[in-house]
Amino acid sequence: MAFDLAARLAERRAADLYRQRPLLESPQGPEVVVDGQRLLAFCSNDYLGLANHPEVIAAWQAGAERWGVGGASHLVVGHSTPHHQVEEALAELTGRPRALLFSTGYMANLGAITALVGQGDTVLQDRLNHASLLDGGLLSGARFNRYLHNDPASLASRLDKAVGNTLVVTDGVFSMDGDLADLPALANVARARGAWLMVDDAHGLGTLGAKGGGIVEHFGLGVDDVPVLIGTLGKACGTAGAFVAGSEALIEALVQFARPYIYTTSQPPALACATLKSLELLRRETWRREHLAALIRQFREGAQQLGLQLMDSPTPIQPIVIGDSAQALRLSRLLRERGLLVTAIRPPTVPAGSARLRVTLSAAHSEAQVQLLLNALAECYPQLENADA
């Protein structure tokens with residue numbers, strides 16, 4: 001029987017769930033050119049505005065001159081001095097003995113979970129965790145279950161039934177809702193039952209904490225509370241790649257057993273050079289986090305005055321819940337007609353009936369640009385109600 005891919009694609013298009021790749025024809029930043037159109041973008045993960053920073057670009061160029069652009073796997077001859085320096089800088093930023101650099105966040109999550117648990121063990125995950133975390137749990141072979149979103153009591157009831165080594169896995173900042181995991185409560189529940197807590201802080205690193213150390217720093221927790229900390233470099237840091245930070249024993253175990261680390265080529269050393277500069281700017285230029293926080297307050301206050309349905313998010317991720325996928329797409333198109341790029345997020349990325357516009361703010365945005373977005377929403381959002389009337 002042949003694969004009927006055309007029918008599957010047609011079904012997705014009919015449900016307003018078909019996805020298309022916009023073509024970015026300019027550097028990353030608030031003002032971009034996409035598919036030939038100049039737009040003011042509110043959908044990038046470049047939270048601190050470092051992706052197109054001249055010092056980061058210069059560091060990449062100098063790194064390419066010094067180290068070239070290719071390599072090998074880390075355990076052969078691909079672990080260069082810049083890679084090692086990035087790991088040391090990340091360990092210092094997160095307050096942990098060691099860090100291990102991965103080429104992508106997906107690989108870091110798969111590598112950590114599958115190296116730590118397997119058949120005879122248990123992995124418990126938040127219901128709204130990122131796909132890479134869920135995939136890692138399923139691929140591990142461990143007994144897999146999900147607890148209610150951000151619910152320590154639900155986690156506790158599942159921990160009571162856990163077998164073998166038990167790993168509790170949660171996002172730090174949930175990528176589609178923007179809310180924070182209740183790490184203090186989750187850590188207490190996990191520790192009381194002898195489980196390890198793993199946190200993927202992809203969207204918190206750089207934006208949360210006085211020094212940008214992320215959600216663990218934000219809550220004042222340590223390595224005993226969160227033994228396994230994941231972070232990505234392609235968001236607030238503005239470059240690419242990811243890392244796991246933790247104890248000496250954890251990192252050595254990942255070097256030995258994490259297949260996505262062992263069996264792949266390391267990222268270009270020049271990229272590590274750029275990340276080193278980005279981490280320096282992240283620590284030094286604290287005004288970026290302060291300005292971003294001010295923009296978040298401005299947007300939330302303005303959106304609430306317009307009667308928009310926001311989610312409980314203190315982060316750069318500010319979803320506007322629409323519900324219907326077709327209506328979310330329509331609002332996104334109306335904004336684009338006015339020169340603003342805000343992506344509509346639909347199932348299966350989010351639960352059915354919760355399609356939304358996912359506004360993301362950056363320290364590179366100005367207050368005037370955020371006001372332009374609010375003005376456009378004030379004009380466009382009522383048109384959805386008119387369409388339903």
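**Close-up views of the predicted model**

The model is predicted: local features require pLDDT of at least 70 and side-chain atom pairs pLDDT 80 or more, while totals for chains, interfaces and linings use all residues. Numbering starts from 1 along each chain as its sequence is written, and side-chain values use heavy atoms, without hydrogens and water. H7 spans residues 152-159 and H8 residues 183-192; helices (H or I, at least four residues) and strands (E, at least two) are DSSP runs numbered from the N terminus. The two axes lie 10 Å apart at an angle of about 15 degrees, the axes being lines fitted to C-alpha atoms over the stretch in contact, with angles from 0 to 180 degrees between N-to-C directions. H7 and H8 are therefore roughly parallel (under 35 degrees; over 145 is roughly antiparallel, 65 to 115 roughly perpendicular, and the rest oblique).

**Helix pair H2 and H12.** Helix H2 (residues 54-67) packs with helix H12 (residues 269-284), the axes coming within 7 Å. Their crossing angle is roughly 150 degrees, and H2 and H12 are therefore roughly antiparallel to each other. The crossing of H2 and H12 is right-handed.

**Three-stranded sheet.** Strands E1, E2 and E11 form, in that order, an open sheet with mixed pairing (two strands pair if DSSP finds at least two bridges between them). E1 (31-34) and E11 (340-341) are the edge strands, each pairing on one side only. E1 and E2 run antiparallel and are joined by four bridges, with Val34 opposite Gln37 in E2. E2 (residues 37-41) and E11 run parallel and are joined by two bridges; Ala41 has Leu341 as its bridge partner in E11.

Asp35 lies in the loop between E1 and E2. The hairpin of these strands has two residues between them. Phi of Asp35 is positive, near 50 degrees, in a residue other than glycine. Most residues other than glycine have a negative phi, and most peptide bonds are trans.

**Cis peptide bond.** Pro347 and Pro348 are joined by a cis peptide bond, with omega of about 10 degrees. Pro348 belongs to the loop between strand E12 (344-345) and strand E13 (355-360).

**Second largest pocket.** The second largest pocket holds about 190 Å³ of space. On a 1 Å grid over the protein atoms alone, a pocket is an open set of points with protein on both sides within 12 Å along at least five of seven lines, a cavity is a set where a 1.4 Å probe fits but cannot get out, and lining residues have an atom within 4 Å of a point. Points are joined across faces, edges and corners, and a volume is the space filled by probe spheres set on them. Of the 14 lining residues of this pocket, Glu92, Leu93, Thr94, Gly95 and Glu217 are the closest to its centre. Helix H4 (81-94) and helix H9 (215-218) are the elements that give two or more residues to the lining; H4 contributes three, the largest share. The lining comprises five nonpolar, four polar and five charged residues (Ala, Val, Leu, Ile, Met, Phe, Trp, Tyr, Cys and Pro count as nonpolar, Asp, Glu, Lys and Arg as charged, and the others, Gly among them, as polar).

**Largest cavity.** The largest cavity holds about 80 Å³ of space. The count of cavities of 30 Å³ or more is one. Its lining includes Gln28, Ala41, Asp46 and His365. By class, the lining of the largest cavity has five nonpolar residues, six polar and one charged.

Key
Left-handed = near helix turned anticlockwise from the far one by under 90°.
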